[in-house]
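Subject: Structure handover

Hello,

Here is the structure we talked about passing on. My notes follow below it.

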Amino acid sequence: SPPSIAHVLVTLRLSPPPPPTIASVVNTATYLPAISPGALVSIFGSNFGPAVMSTAYNDKGLYPTAISDRPDGVFGNTSVTFGGIAAPITYIGANQINAMVPYGVAGRKAVDVVVTCYHNPSTAVTATIFDTSPGIFTATQNGTGQGAILNAPPIAPNNRTLYTYNSSANPASKGSAIEMYATGVGGWNPPVPDGEVALTALNPLCSDNQSLECTKLVAKPLTLTIGGKPATILYAGTARYEPWSLIQINAIVPLDADSGTQPVVLAVGVNDNSQQKVTIAIQ
C-alpha cells in the first residue's frame, strides 16, 4: 500500500533514580565513626551514582569535589558535603564513597553529611567532629589487626625496593626501622587547601623542623608506642604525591619491646587509635 502519515501521541514518563542513602561515615583507617578535619573517610550506603572507582587529582594537584558519568558533568553528578562544605572525593562506587573531611569543619562539634547524586540529596547524617582522629592503615583493610607496616632493610635503608611487609612470618627486628601510614592528624600550620596533594616529602611535625626525631605536630603532640614502649619517630610527615590527609610515619622498634604480636598505638593530641587494636610482629 502507499505510505501514509499518521499522528500518534506518545507520552514518555521518566522516573528519577532513588535518592542516595547514607548508612555510616567512618574513618577509612579505623572503620570507626571518629573523624576529624582533613581525615580520610569512607561513606557507606546506597544509590551513590555511577561507579567511577578511583579518582585522580588535576593539574593543580587537587582532588575533585564532584564526580560525573559524562564529560560535560551535566548528569550523574555526585558530591559530598560536610556541614555544607564540599569534600574532595578519592573513590566512588555504588555503595561506597571515599573522601576527605574539609579542613573548614575545624572547631565544630558535629556536622551534617549529605551525598547528592543526580541533583537528589540524601537525608543528612550527623557526624561528630574531633580535633584529631588518628588511625593506622591495616593489612586486613578492615580497621584492625595486623598493621600495613613495612620492615626497613638492614642495609641501605633509603632503598625502598628492599622494604618488606611486616607479618608473623616476617617480624621486625628490635631496633630496626619500620614504616606505616595513618590519617586523622588534624589540620596543618600553615593551612593547606582541601584535597591537595603534597608534591614533596615534608616533615612539618617539629616546631623547629631541625631534629630527625620529630614527635610534635604544630600545637599537637604526636607519639607512638610499640608493645607499650615509646618508639623513636624518625619521620612523620607527608608522602610524595599523596594528599595531606595521609601521613607517613617512620619509627624505630624499641629495643625493650617484647617479641611476638604487639600493639601499635598512635596518639595525636588527646586522641589515639587504641580502639583499633593494630598490631606489629616483632622478632
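In the sheet, E2 and E8 run antiparallel and are joined by 5 bridges. Strands here are DSSP runs of E of at least two residues, numbered from the N terminus, and two strands pair if DSSP finds at least two bridges between them. Within this pair, Phe44 has Gln96 in E8 as its bridge partner.

This is a predicted model: local features need pLDDT of at least 70, side-chain atom pairs count only at pLDDT 80 or more, and totals for chains, interfaces and linings use all residues. Residues are numbered from 1 along each chain as its sequence is written, and side-chain values use heavy atoms, with hydrogens and water left out.

The sheet is open and has 5 strands, in the order E1-E2-E8-E7-E3, with antiparallel pairing. Strand E1 (21-27) and strand E3 (53-54) are at the edges with a single partner strand each, so one side of each has no neighbour in the sheet.

E1 is joined to strand E2 (residues 40-46) by 6 bridges, and the two run antiparallel. Here Asn27 has Val41 in E2 as its bridge partner.

Strand E8 (residues 96-100) is largely enclosed by the rest of the structure, because 4 of its 5 residues are buried (under 20% relative accessible area, with a 1.4 Å probe and protein chains only). On the E7 side, 3 bridges join strand E7 (residues 89-92) to E8, again antiparallel. Tyr91 stands opposite Asn98 in E8, and a hairpin of 3 residues links E7 to E8.

Regards

Definitions and conventions. Buried means under 20% relative accessible area, exposed over 50%, partly exposed in between (1.4 Å probe, protein chains only).
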